[in-house]
Amino acid sequence: MSSPSPRTERGTGGEAPTVVVVGAGFGGLRVAKALRRAPVQVVLLDRNNYHLFQPLLYQVATAGLEPEEIAKPARAIMRGQKNFDFRMVDVTRVDFAAKRLETSAGPVAYDFLVLAPGGETNFFGLEAMQRHGLGLKDIPDAITIRNRVLTCFENAMLEPDAERRRALLTFIVVGGGPTGVEMAGALSELIRLVLVKDYPRLNIKDVRILLLEATDTLLAAMPERLREAAGKTLWRKYVEVRFGASVADYDGKQIRLKSGEIIPAATVIWAAGVRAAPLINTLGLSAARQGRIPVEPTLQLTGHPEVFIIGDAAYREQDGEPLPMVAPVAIQMGQAVARNIARQVQGKALEPFRYRDQGTLATIGRNAAVANVYGIQARGFVAWVMWLGIHIIQLIGFRNKLLVLINWAWDYFFYERAARLITRD
Ligand SMILES: Cc1cc2nc3c(=O)[nH]c(=O)nc-3n(C[C@H](O)[C@H](O)[C@H](O)COP(=O)(O)OP(=O)(O)OC[C@H]3O[C@@H](n4cnc5c(N)ncnc54)[C@H](O)[C@@H]3O)c2cc1C
């Protein structure tokens, strides 16, 4: 069944140009919101009906939060915006010449197009890892990890063989960036503060959590003092951090490092990289690093002034460095593109985009985080409170803020995790 194209609908709403936005993530949603007073019709397309707060996905994966606490339906977020329409469709192709998208529900025409499809887990061609390892990019990934960790504990209870039991209780996180560090810290706390009470017959000494990093540092974007603090905090939480540890292979039972070392492990979580979403691959454009598409300073696609690419899918350098694939970049790009579309409609010159870096934060469990925000460096409890506050503020919707706060407080005071269910697909 094909839905009517926005061009058809435009006939009812006057001659306002149609801005089609692909992706209800951080970038796309910001474009749609920022165009609320512009003389345009906005059509937002996403394969999911929700906006996901990805920075807290690891909390779903480690049974701290439920998915609905970190996601909200796009229609609910945009309710009340008159020039807005949402469609839950998968975008499969872009026909730049015809100014039309192919989607799972038929073609959609545009006057302006904003591509904000985000990224996907980058396994760097390691097919075995893609098959057996666990990525963390969306809600199903997070639930899969949660199920796996909890199932490994259940199976370990039933396993008479000591070696196989230890493999079931060995959890490997690959990648020492913010996601890997947060994941390893939260996993350690789930196991050592909560699961240890659920499985009193298991020997906690059989549990191993390893964080493998190919380079010689964690959190490469952080100042050295904070990187060291993060490493020490992980050690204190019994996470074995291995530097210079590159993965060669993983068959679902044991991981082989390039050094030749073999570690039996039933669970490997891959947090070592992201690349542009698959849709970007289908555009027939030449890509830069991580499959991202280079854009003009105005964020337009070269040769297509009516097309903009933003967020994780866009490649732009600033002061000689590529902009990172993080939420603030996507949000600020979304804001800038909305302004530029409004200017283009009014026949004004477009403005170049400049990213204002507010800094980075990473949490390593209770009372522990590292923060480099607005030039202020903090670690330990102070950084953790900063992290808590910033993430609560950024969560969409009062209900989500409240639920997350209650869950975190419960977890903090009672050493509990609310969402310890093993669910079947
Ligand atoms: C586990 C994890 C932790 C992170 N932690 C942090 C953090 O702490 N701080 C930080 O700043 N950043 C963090 N990031 C990165 C941040 O989430 C991204 O940089 C940001 O989401 C990029 O925004 P975006 O708008 O480009 O894409 P996204 O927010 O990824 O949104 C893309 C949207 O496009 C939709 N989509 C994709 N393809 C199609 C298609 N073909 N058809 C229809 N819809 C499609 C998707 O469903 C999605 O809703 C984290 C990311 C992950 C995965």
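**Notes on the model**

1. Strand 11 (residues 170-174) and strand 17 run parallel to each other and are joined over four bridges, and within this pairing V173 has I269 of strand 17 as its bridge partner. Strands here, like helices, are DSSP runs numbered from the N terminus, with at least two residues of type E for a strand and at least four of type H or I for a helix, and two strands are taken to pair if DSSP finds at least two bridges between them. This is a predicted model, in which local features need pLDDT of at least 70 and side-chain atom pairs count only at pLDDT 80 or more, while totals for chains, interfaces and linings use all residues. Residues are numbered from 1 along each chain as its sequence is written.

2. The pair belongs to an open sheet of four strands in the order 13-12-11-17, with parallel pairing. Strand 13 (239-243) and strand 17 (267-270) stand at its edges with a single partner strand each, so one side of each has no neighbour in the sheet. On average, neighbouring strands are turned by 20 degrees against each other, direction ignored. Helix 9 (residues 224-236) packs on this sheet, where the helix touches strand 12 (208-213) and strand 13, and the direction of helix 9 makes about 135 degrees with that of strand 13. Such angles run from 0 to 180 degrees between N-to-C directions, the axes being lines fitted to C-alpha atoms, for helices over the stretch in contact.

3. A second open sheet has three strands in the order 6-7-8, and here the pairing is antiparallel. Its edge strands, each pairing on one side only, are strand 6 (91-95) and strand 8 (106-109), and the twist averages 25 degrees from one strand to the next. Strand 6 is joined to strand 7 (residues 100-103) over four antiparallel bridges, with D95 standing opposite R100 of strand 7.

4. Is strand 9 (residues 112-115) covered on both faces or on one? Both faces are covered, since F112 and V114 on one side and L113 and L115 on the other are all buried, where buried means that 20 or more other C-beta atoms, placed from the backbone, lie within 10 Å of the residue's own, exposed means 12 or fewer, and partly exposed lies in between. Strand 9 pairs in the parallel sense with strand 1 (residues 18-22) over four bridges, V22 having L115 as its bridge partner. Strand 9 is also joined by three bridges to strand 21 (residues 304-309), again running parallel, and there V114 has F308 as its bridge partner.

5. The domain assignment divides the protein chain into domain 1 (6-121 + 275-345) and domain 2 (127-272), with bounds that come from an automatic or database assignment. Their C-alpha centres lie 33 Å apart, and the contact takes 14 residues from domain 1 and 17 residues from domain 2, two residues being in contact if their C-beta atoms, placed from the backbone, lie within 7 Å. On the domain 1 side, helix 3 and strand 10 (119-121) are the elements that give two or more residues, and helix 3 gives the most, with five.

6. Which residues are closest to the ligand? They are G23, G25, G27, G118 and G311, out of 34 residues that surround the ligand, a residue being near if its C-beta atom, placed from the backbone, lies within 6 Å. Helix 2 (26-34), strand 2 (41-46), helix 3 (57-61), helix 8 (178-198) and helix 11 (327-345) each give two or more residues to this shell, and domain 1 and domain 2 each supply at least three. By class the shell has 20 nonpolar, nine polar and five charged residues, with Ala, Val, Leu, Ile, Met, Phe, Trp, Tyr, Cys and Pro counted as nonpolar, Asp, Glu, Lys and Arg as charged, and the others, Gly among them, as polar.

7. Two single residues may also be worth a look. N367 sits in the loop between strand 25 (359-363) and strand 26 (369-373), and N367 counts as partly exposed because 14 C-beta neighbours lie inside 10 Å. Leaving aside residues up to four places away in sequence, N367 touches G380, F381 and W384. A248, which lies in strand 14 (residues 247-250), is partly exposed with 15 other C-beta atoms within 10 Å, and under the sequence exclusion of up to four places A248 touches R256, L257 and K258.
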